[in-house]
Amino acid sequence: MTTRRTRPAPRPPEGTPPRSELARQARTVLADAVRIARWAADGAIPGAPPLAAQALERAATALELSPAQIRSGWDRARLAGLVELHGDTARPGWRLRAWDRDDSAVLRGWVALFDAWSLVHPAPEDIESTAVAEAVEAVPQVLSLLQLSAGPVTVPALLDLLGQRVAELREERCEVPYGPQPLPAPAESAPPADPAALLDWALEGLAAVGALTLGTGHATLTPLGNWAVWVKLEQICVAAQSPAGNIEQSAADMLLGCARLTPGPARDEYRAWLAARPVGSAVAELLAVARGEDALLRGLAFEALRVVGAPAEPEVRAVAADPSLRPYALLWLAEYDGADPEDAQDVLSREEATWLWVDTAAAVADHGETGLLVRHLDSAVQGTVPALLDEVRAVGHPRTVQVLVALAAAHPDPALAKAVRRAAFQVHTGGA
């Protein structure tokens, strides 16, 4: 047996404020965005930016902000996930609903804004787009130097690092052709971008989202910026703990790869897979798998969604209207609201619990051992096999017949197996 080596997660920088203080700072950075988001959500104003002139004027008057501040705050609200656009209507995002009570939601919102610094502060139009992309890709190294320095770093030092990293990126993209190649035709090349202008733009953008402060000839990470760089390093370490190739798999393949793991290692795999993806797309992919025909993947998808936590809550609440997902969604929501997993079953109606029993039995029949399917009888809420069979026939699960046939074939008691086969026949033929 081999032991998988994992890279230890980096420790928070020394002197990092507690999360409550970081959240306070993030709330300050996003204060105008929150005010605008709440005003927009309450008024259900047209959402596509820039705001319609009439709405912009109303917002500026109501919030006592300039039109420029409204536009800026609106963009920040959208980038931080404080509002969601549904057609022409703005609705509050989950982070806005949790803003006053959930420090994690606040910090997630600020990190989303931090990740979008180049959108908050667009590059000057006279800088070529390729140079802009290179600068954005090189910024993590600039931030790492700022964090390692634990204090002000001079602009010349940052400029030197930016130039080195851009040169490395260009070298990494260079493809050396094999064999003799024709000489390229002479062409006019675009004038090179001014590295100093690129660095100024990047530093101003990071300052605009509260990640650093600018002094005369130097820059310093704020506590929020320092913490954000650590978060990114931690995510890299978590992702590195996934078995080779699993992190690159689709949600379905990743879940199948976790099917035979015990809960602890499986959660580690879910975290690694999630760390490598935007949370919104990861949740959507997991729910798409849950809607499929494989009951095992349905259950595992909701286990992975438990690792996601609060960001998945609106989507999970929405799928509770789908009969095939409703039991899973209700259990997820009950545990999210603080119920003990053993007590969460109480939120299900008798019919929902029976549906879940059949769905779980389908997963066992498709992927498990026959003994497991027999033992699954003990988890039924009905208490007796005749009562279970009556309610299973009535619940209308599409896999009912296959589950009952598999259970009849696996059960060692001939009389019980006969009763189960009879129930399967009755469901198949539509009989009573």
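1. Helix axes here are lines fitted to C-alpha atoms over the stretch in contact, and angles between N-to-C directions run from 0 to 180 degrees. Helices are DSSP runs (H or I, at least four residues), numbered from the N terminus.

2. The model is predicted: local features need pLDDT of at least 70, and side-chain atom pairs count only at pLDDT 80 or more, while totals for chains, interfaces and linings use all residues. Residues are numbered from 1 along each chain, and side-chain values use heavy atoms, without hydrogens and water.

3. Helix α12 (residues 251-258) packs against helix α13 (residues 263-275) at about 160°, with axes 10 Å apart. That makes α12 roughly antiparallel to α13 (angles over 145 degrees). In contact (heavy atoms within 4.5 Å) are Ala 251, Met 254, Leu 255 and Cys 258 of α12 with Ala 266, Glu 269, Tyr 270 and Trp 273 of α13. By class, seven of these residues are nonpolar, none polar and one charged.

4. Helix α17 (residues 326-336) and helix α18 (residues 350-367) pack at about 110°, with axes 9 Å apart. α17 is therefore roughly perpendicular to α18 (65 to 115 degrees). Their contact has six nonpolar, one polar and three charged residues.

5. Which residues of helix α20 (residues 385-395) are buried? They are Leu 388, Leu 389, Val 392 and Val 395, where buried means under 20% relative accessible area and exposed over 50% (1.4 Å probe, protein chains only). They cover an arc of only 130° around the axis, so they lie on the same side of α20. Pro 386 and Ala 394, on the other side, are exposed.

6. The cover over the buried residues of α20 includes α18, α21 (400-410) and α22 (414-429). Just after α20, Gly 396 has a positive phi of about 80°.

How values were computed:
Helices (H or I, at least four residues) and strands (E, at least two) are DSSP runs, numbered from the N terminus. Angles under 35 degrees count as roughly parallel, over 145 as roughly antiparallel, 65 to 115 as roughly perpendicular and the rest as oblique. Ala, Val, Leu, Ile, Met, Phe, Trp, Tyr, Cys and Pro count as nonpolar, Asp, Glu, Lys and Arg as charged, and the others, Gly among them, as polar. The arc is that of the directions from the helix axis to the C-beta atoms.
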